[in-house]
Amino acid sequence: MANRFSYAGRRVVVTGCHSGMGEATARIVRSLGAEVVGVDIKPPTVEVSSFHEVDLRDTGAIHDMVDAVVAAGPVDRLFYCAGLPGTFPALDVIGVNFIGMRSTAEAFVRHLPRDGAIASISSSAGMAYQMAAAQLDPLLACETADEARAWVAERQGQLEGYSFSKMATILWTIRRAATLTPATGIRLNCISPGPTDTPMMPAFVEVAGQDFMDNYPKPIGRNSTPEEQGWAMAFLNSDAASYVSGENLFTDGGGAGGMMTGAIAPPAPPPMKGAR
Ligand SMILES: NC(=O)c1ccc[n+]([C@@H]2O[C@H](COP(=O)([O-])OP(=O)(O)OC[C@H]3O[C@@H](n4cnc5c(N)ncnc54)[C@H](O)[C@@H]3O)[C@@H](O)[C@H]2O)c1
């Protein structure tokens, strides 16, 4: 039986390959046979076949990168793992986590094959996306990245950028898959990790406090590793997930499921000391 988890013969793009989950994802899919094209604002810390230094807040730079990547060969999969925490201003956070993700995904859609796939990283911080749909709709309705940035800029100081970017990612992923997959065959999914020991963790402690992070529901009893998130990303973009699209996969050891069904009491809201 063919190994449907294999990436042999696949050329894939991994954003965020400098550290954390992006670095782990790049390493994992490379070990599964992929040729990895790395993208980050900082140099890769994992072996890649080529690397593009890109600021994912810059839509022009994203389009230049996509043109250069597809000029060098076909692309089969996109892993969007880059992200910023809530210690940065909301425009930067939403700019990288949602607007940059959407721009990168839409730019690659034209070039991916019919069995292509895109996976990005949201967060359990986005679990309230259904309740927040009315607030998210105007951002999702912005057709261009410039419009989206202007919408956010007008609301700087009112938006908690991190959870807003994560809710937007989940809602966009699920909705967009409903039109993208029938039209192109391309699958579109995201994961929503719980607390994970990456270089981003100190920023979460700074914003929400050590107590909140320590007591955040983790039914599995510990934080996750970046590799555990990377394997979930590798699964979603593999042929083993060929019937999975429009999915937000909570990779949080059972926390969100417990909280969303009332089986686990949600933690008291944190003080949120982040930038706005
Ligand atoms: N660590 C956690 O507990 C946790 C939990 C849930 C979700 N997440 C999400 O996981 C994703 C990966 O984060 P991580 O925890 O691996 O953190 P990380 O800081 O280790 O990795 C983030 C990567 O994004 C890159 N990046 C940041 N700004 C960029 C820009 N403007 N242009 C290009 N690249 C840029 C960084 O250089 C880095 O390589 C993020 O979206 C984060 O919000 C993290």
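Predicted model: local features only at pLDDT ≥ 70, side-chain atom pairs only at ≥ 80, totals over all residues.
E35 is partly exposed, with 18 other C-beta atoms within 10 Å.

Where does E35 sit? Its place is in strand β2, which covers residues 35-40. Leaving out residues up to four places away in sequence, E35 touches R11 and S49. S50 is worth a look too: E35 and S50 are 15 residues apart in sequence, and their C-alpha atoms are 8.9 Å apart in space.

Now over to a pair of helices. The axes of α3 (residues 90-109) and α5 (residues 145-154) come within 10 Å and cross at roughly 155°. An angle over 145 degrees counts as roughly antiparallel, and that is why α3 and α5 get this label. The crossing of α3 past α5 is right-handed. On the α3 side, the contact is made by A90, L91, I94, G95, I99 and S103, while α5 brings A145, A148, R149, V152 and A153.

Last stop: helix α9, residues 226-236. Which of its residues are buried? They are P226, Q229, G230, A232, M233, A234 and L236. And what covers these buried residues of α9? The cover includes helix α1 (20-31) along with the strands β4 (77-80), β5 (117-121), β6 (187-193) and β7 (247-251).

Note on methods: Residues numbered from 1 in each chain as written. Helix = DSSP H or I, 4+ residues; strand = E, 2+ residues; numbered from the N terminus. Buried ≥ 20, exposed ≤ 12 C-beta atoms within 10 Å, placed from the backbone. Contact = placed C-beta atoms within 7 Å. Axes fitted to C-alpha atoms, helices over the stretch in contact; angles between N-to-C directions. Parallel < 35°, antiparallel > 145°, perpendicular 65-115°, else oblique. Left-handed = near helix turned anticlockwise from the far one by under 90°.
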